[in-house]
Amino acid sequence: MKVAVAGCCHGALDKMYETLELLQKRHNVRIDLLLCCGDFQAVRNEADLRCMAVPAKYRHMESFYRYYSGEKKAPVLTVFIGGNHEASNHLQELPYGGWVAPNIYYLGYAGVVWFRGVRIGGISGIFKSHDYRKGHFECPPYNQQTIRSAYHVRNIEVFKLKQLQRPMDIFMSHDWPRSIYHYGNKEELLKMKSFFRQEVESNTLGSPAASELLQHLKPTYWFSAHLHVKFAAFMQHQTNSKEELPKATKFLALDKCLPHRDFLQIIDVEHDPNAGDSLEYDAEWIAVLKATNSLVSVTQSLWNMPENNGLHAKWDYSVTEEAIKEVLEELNHDLKIPCNFTLTAACYDPSKPQKHMEPVHTINPQTTEFCARFGLTDINDRIQQARESSVQGKYEEEEEEMDSTGSAEEPSEYNTDNSGLSSFNPDEIMLDEEGGDEDLSTCSVDPSPDHPPDFSASFSDIRIMPDSMAVSSDDAMDSTNEELEKSGVSKEAEEKSSTERPLKRLSGDENGNTGIKKIKRRNQSIYTAEIEDQ
């Protein structure tokens with residue numbers, strides 16, 4: 001089976017599919033599946049643009065809305081994960097995954113599916129320690145903190161994925177697993193990305209959570225994006241026993257989508273020739289979702305997942321063969337994911353721009369159907385309940401104040417115009433303010449100095465991870481108050497901002513300069529200047 005893998009798409013679907021068609025004609029092949037490793041930008045309208053954590057100058061409608069409206073259809077089944085530059089309000093509608101357009105499927109906060117006998121998993125977002133132990137509490141309209149925290153990886157998704165026991169063929173993450181750069185041509189990478197050196201040498205570049213998953217899942221392939229550089233590595237995993245067969249992972253990070261750049265990679269993946277062409281649920285993953293449903297949280301409180309430390313009555317949520325069998329029986333052994341895409345927002349109309357369209361919190365019928373089918377918590381419905389409870393509590397407090405003082409201070413209206421917000425992330429590489437649209441991050445690095453086009457030939461440097469590089473779960477926790485103070489927001493402020501817009505519950509029918517820009521780390525003063533410019 002021919003699988004195409006893309007890096008950061010940034011909403012340029014037309015460009016991506018045109019490139020795919022060109023590659024098919026050039027190599028006389030037929031692509032069966034397209035995977036995208038985040039920053040997909042499923043932007044439907046102007047409100048969605050406001051929910052993307054990017055400076056205003058980078059907010060462009062691009063072409064996704066044409067696929068959302070049905071004007072165009074993806075020529076190949078496309079499966080993607082979320083990154084850190086997304087229409088978070090749109091993706092939030094589908095926490096367990098779902099169709100964002102016909103033939104385009106989002107894996108959710110984390111997810112596992114099957115296609116033609118190939119097991120594909122992924123986790124959306126990027127790692128930030130100060131939000132890692134929180135629940136998914138964010139909802140539109142977002143403020144300056146939640147517009148970014150909405151795409152931060154949470155420990156519950158990692159915990160769920162670590163309950164999986166069956167083999168994984170392909171896994172996707174947006175940011176790289178920490179330490180993976182030690183298994184490829186590291187020196188060549190640092191020649192192209194010299195500003196990575198300090199983090200590489202201190203082993204702090206990348207996500208410790210993704211590294212945990214890499215060690216647990218040991219997939220045959222792992223694809224990432226985020227850093228806008230092509231890089232390949234080959235990691236030989238240590239075995240836990242003499243009886244266990246050795247496993248290895250082929251890692252590939254993709255460049256971002258730009259003309260004349262190698263942002264797509266085509267690989268051959270072994271598949272089941274007797275399997276159908278439909279995307280299918282993974283029975284073990286559904287069983288894990290059911291087993292961990294009681295752990296779902298929609299609060300900002302920091303909390304740890306259950307572990308064998310004497311503090312939890314239960315810490316192992318891996319599922320039995322019997323539990324998996326029960327899921328299969330619930331589905332009558334029909335694992336096909338229904339094509340139940342539904343429009344849940346107005347689509348952008350170039351002839352009738354709506355610059356002041358405001359984002360609303362929406363419950364997607366796909367999620368409602370999924371949760372009802374498997375007895376799961378609808379996260380957005382739970383958030384709405386928490387908001388209503390917060391509003392009621394605040395109303396009672398205001399009544400008490402009026403009884404004692406004769407007046408109550410009315411809350412100021414929340415400003416939903418996020419045009420001045422920037423994508424400030426201390427660990428993220430950002431574009432400088434001056435220069436053209438291209439940058440030094442569009443370089444390509446392969447382990448082989450000859451850059452062979454054959455994907456399998458790119459993995460020639462085999463190393464076994466030493467124990468000193470192993471990442472424990474403690475590394476995925478924020479233990480300092482300084483980070484909390486730096487990026488957190490008071491609970492009172494969050495509650496205030498979350499009560500300004502009613503939930504929208506929808507249902508419907510199925511619808512079918514050539515200059516090089518300098519790269520550097522951004523600091524707060526730059527973002528302050530960016531906001532003032534707006």
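**Ground rules**

I number residues from 1 along each chain as its sequence is written, and my side-chain values use heavy atoms, with hydrogens and water left out. Since I am working on a predicted model, local features need pLDDT of at least 70 and side-chain atom pairs count only at pLDDT 80 or more, while totals for chains, interfaces and linings use all residues.

**Entry 1: the largest cavity**

I began with cavities (on a 1 Å grid over the protein atoms alone, sets of points where a 1.4 Å probe fits but cannot get out; lining residues have an atom within 4 Å of a point). For volume I take the space filled by probe spheres set on the points, with grid points joined across faces, edges and corners.

The largest cavity comes out at about 200 Å³. I find 20 residues in its lining, with Tyr-106, Tyr-109, Ser-124, Ala-150 and Tyr-151 nearest the centre. Helix H4 (residues 88-92) gives the most to this lining, with 3 residues; helices (H or I, at least four residues) and strands (E, at least two) are DSSP runs, numbered from the N terminus. By residue class, I get 8 nonpolar, 8 polar and 4 charged. Here Ala, Val, Leu, Ile, Met, Phe, Trp, Tyr, Cys and Pro count as nonpolar, Asp, Glu, Lys and Arg as charged, and the others, Gly among them, as polar.

**Entry 2: Ser-124**

I then followed up Ser-124, one of the residues nearest the centre of the largest cavity. I located Ser-124 in the loop between strand S7 (118-123) and helix H5 (129-132). Ser-124 counts as buried, at 9% relative accessibility; buried means under 20% relative accessible area, exposed over 50%, and partly exposed in between (1.4 Å probe, protein chains only).

A polar atom of the Ser-124 side chain lies 2.7 Å from the backbone oxygen of Gly-108. Leaving aside neighbours within four places in sequence, Ser-124 is in contact with Ile-81, Gly-82, Tyr-106, Gly-108, Tyr-109 and Val-153; contact means heavy atoms within 4.5 Å.

**Entry 3: the second largest cavity**

The second largest cavity has a volume of about 110 Å³. I see 15 lining residues, and Tyr-281, Pro-338, Asn-340, Gln-366 and Phe-370 lie nearest its centre. Strand S4 (98-101) and helix H13 (365-374) each supply at least two lining residues, and H13 gives the most, with 6. The lining divides into 8 nonpolar, 5 polar and 2 charged residues.

**Entry 4: H11 and Thr-292**

I looked up helix H11 (283-291) next. I find 7 of its 9 residues buried, so H11 is largely enclosed by the rest of the structure. The cover over its buried residues includes S7, H12 and H13. Asp-282 caps the N-terminal end of H11, with a side-chain oxygen 3.2 Å from the backbone nitrogen of Glu-284.

Thr-292 sits in the loop between H11 and helix H12 (321-330). Thr-292 is buried, at 1% relative accessible area. A polar atom of its side chain lies 2.8 Å from the backbone oxygen of Val-288, and, not counting residues up to four places away in sequence, Thr-292 touches Phe-159, Lys-160 and Tyr-317.

**Entry 5: H10**

Helix H10 (residues 208-217) has 8 of its 10 residues buried, so it is largely enclosed by the rest of the structure. Ser-207 caps the N-terminal end: a side-chain oxygen lies 3.3 Å from the backbone nitrogen of Ala-209.

**Entry 6: ring pairs**

I searched the whole structure and got 19 aromatic pairs. Rings of Phe, Tyr and Trp (its six-membered ring) pair if their centres lie within 6.5 Å; planes under 30 degrees apart count as stacked, over 60 as edge-to-face and the rest as tilted.

Phe-64 and Tyr-68 have ring centres 6.2 Å apart and planes at 35°, so I note the pair as tilted. Both lie in helix H3 (residues 64-69), 4 residues apart, about one turn of the helix, and both are buried.

Trp-176 and Phe-251 form an edge-to-face pair, 5.7 Å centre to centre with 65° between the planes. This pair links distant parts of the chain, 75 residues apart. Trp-176 and Phe-251 are both buried.

Last, I noted a cluster in which ring pairs link Phe-40, Phe-64, Tyr-68, Phe-80, Tyr-106 and Phe-341.

Technical notes. 1 Å grid on protein atoms, 1.4 Å probe; cavity = no way out; pocket = protein on both sides within 12 Å on 5 of 7 lines; lining within 4 Å. Polar contact = N/O pair within 3.5 Å; in protein donor to acceptor, adjacent residues only side chain to side chain.
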